[in-house]
Amino acid sequence: MTSGNALARLAAAVNAAREETPLVRVAGHVREVAPTHVRVAGLSKHVRLGDRVGIAQDGRTSIGEVVRIDGAAATVKPFDERVQIGIGATAFRMGALSLSPDRSWKGRVVNALGAPLDEEGVLPRGETRMPLDAEPPAAMRRARVDTPLRTGVRVIDLFTPLCKGQRMGIFAGSGVGKSTLLAMLARCTGFDTIVVALVGERGREVREFLEGPLAPNRHRSVVVVATSDESPMMRRLAPQAALAAAEYFRDLGESVLLIVDSVTRYAHAARDVALAAGEPAVARGYAPSVFSSLPKLLERAGPGPEGAGSITAVFSVLVDGDDHNDPVADAIRGTLDGHIVLDRAIAHEGRFPAVNVLASISRLAELVWTPDQRELVRKLRALLARFEDTRDLRLMGGYQAGGDPELDKAVLLAPRIYEALRQTTDAPESRDAFAELARAIQA
């Protein structure tokens, strides 16, 4: 290592320490305590939205984030709402939120603030500080998406194929197999690093995911966890922390798979924070800032600048009440590069993954299919659409074979296609989806 590099690294470490621990600490005091926030006087001129604030009382320091500022006081929402804070407690600015990821984070489990959860020792701090609320790459500097990706999930590789750097959403109600499909995608081997954000998940599901579907790729995965019992602040920060880690590895030139389960719980947490800051509810209880923060979060994924790596992102979207047109789902669907819709009726039939082929689309599929495959998929969609459109007619006995050759073909082949698309989590990965489908139809 040259002396110049050593000096540069030392200067970066000094600057990072200076940002983390200000030389002059400006203090205020708590003047109001509410179930959702505290009000701090004396800091309004010295903090910005998004800054961390420490609140010291009884020998302990709790941390919160500034969500509103006015002339009289700053509104701070604590990361841990179970901490008891009293009137008069001392509050001080701690700077903006950021992470310092490192290559050694692979194989580790952290919380939304970058603290280890896996009891495997202290996490080393990297030399690069990654802001949790970073700006997406400039549109004109981004690389193009043109590299096909095989996921190993047959129905996806056939009807909604992905490319590296694509952002795909999985839309489903509760209990339809959304997390199971994400677990199948986590087995994909075409990436250097996998970053997973488990947002608002049940606590028991964390180890099941780590020691189950993620186990073969655990050594190259970074998992960010904010369970359902944690505060809205932690659940809101978890996807941002995961993206900060993914951006770090992307900037190293790596190909990153990002899985976020789920963006809807992020939106719920952002709604709680926005309402605590005094924003009005405009659409089903959501504040305006929720809909402005969603595109910013989603746009951070995707291809990086020319010469850097890419972030291929799969976001799960929990559709409230199976309404696929609720405001959050609609806003997310319009930003992503495609959507996979899981249907409860298909799940009730015991056919998993419960993907509604006719309602799902990949906007980059044309870059993956050959001309022959594109024509085949078009014909398969038309055949399945004919089969579904005549379901009620056939159930009432209004269908007779021989009267409509196209319908006869649909009745013959559609059940075979559906059976070929069936794939369980313990089934082998699909190697050639089109060849496997052809063998199943001809069997």
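**Reading loops and pockets in this model**

Author: Pro353 lies in the loop between α9 (344-348) and β19 (361-362). Helices (H or I, at least four residues) and strands (E, at least two) are DSSP runs, numbered from the N terminus. The model is predicted: local features need pLDDT of at least 70, side-chain atom pairs 80 or more, and totals for chains, interfaces and linings use all residues. Residues count from 1 along each chain as its sequence is written, and side-chain values use heavy atoms, without hydrogens or water.

Reader: Which peptide bond at Pro353 is cis?

Author: The one from Phe352 to Pro353, with omega near -5°. A cis bond also runs from Asp261 to Ser262, where omega is near 5°. Ser262 sits in the loop between β15 (255-261) and α6 (263-276).

Reader: Now phi. What is the value for Asp58?

Author: Near 55°, positive in a residue other than glycine. Asp58 is placed in the loop between β3 (51-57) and β4 (60-69). Arg284 is not a glycine either, and its phi is positive at about 50°. Look for Arg284 in the loop between α6 and α7 (288-299).

Reader: How do I read empty space? Which residues lie nearest the centre of the largest pocket?

Author: Rolling a water-sized probe over the atoms shows where space is left empty. A pocket is an open set of points on a 1 Å grid over the protein atoms alone, where a 1.4 Å probe fits, with protein on both sides within 12 Å along at least five of seven lines; lining residues have an atom within 4 Å of a point. In the largest pocket, Gly50, Glu65, Asp133, Arg236 and Gln240 lie nearest the centre, out of 27 lining residues.

Reader: Which element gives the largest share of that lining?

Author: α7, with six residues. β4, α5 (232-251) and α6 each supply at least two residues as well.

Reader: And the second largest pocket: which residues lie nearest its centre?

Author: Ser179, Thr180, Glu201, Glu205 and Asp261, among 25 lining residues. Recall Asp261 from the cis bond to Ser262. α3 (178-185) makes the largest contribution to this lining, six residues. β13 (193-199), α4 (203-211) and β15 each give at least two.
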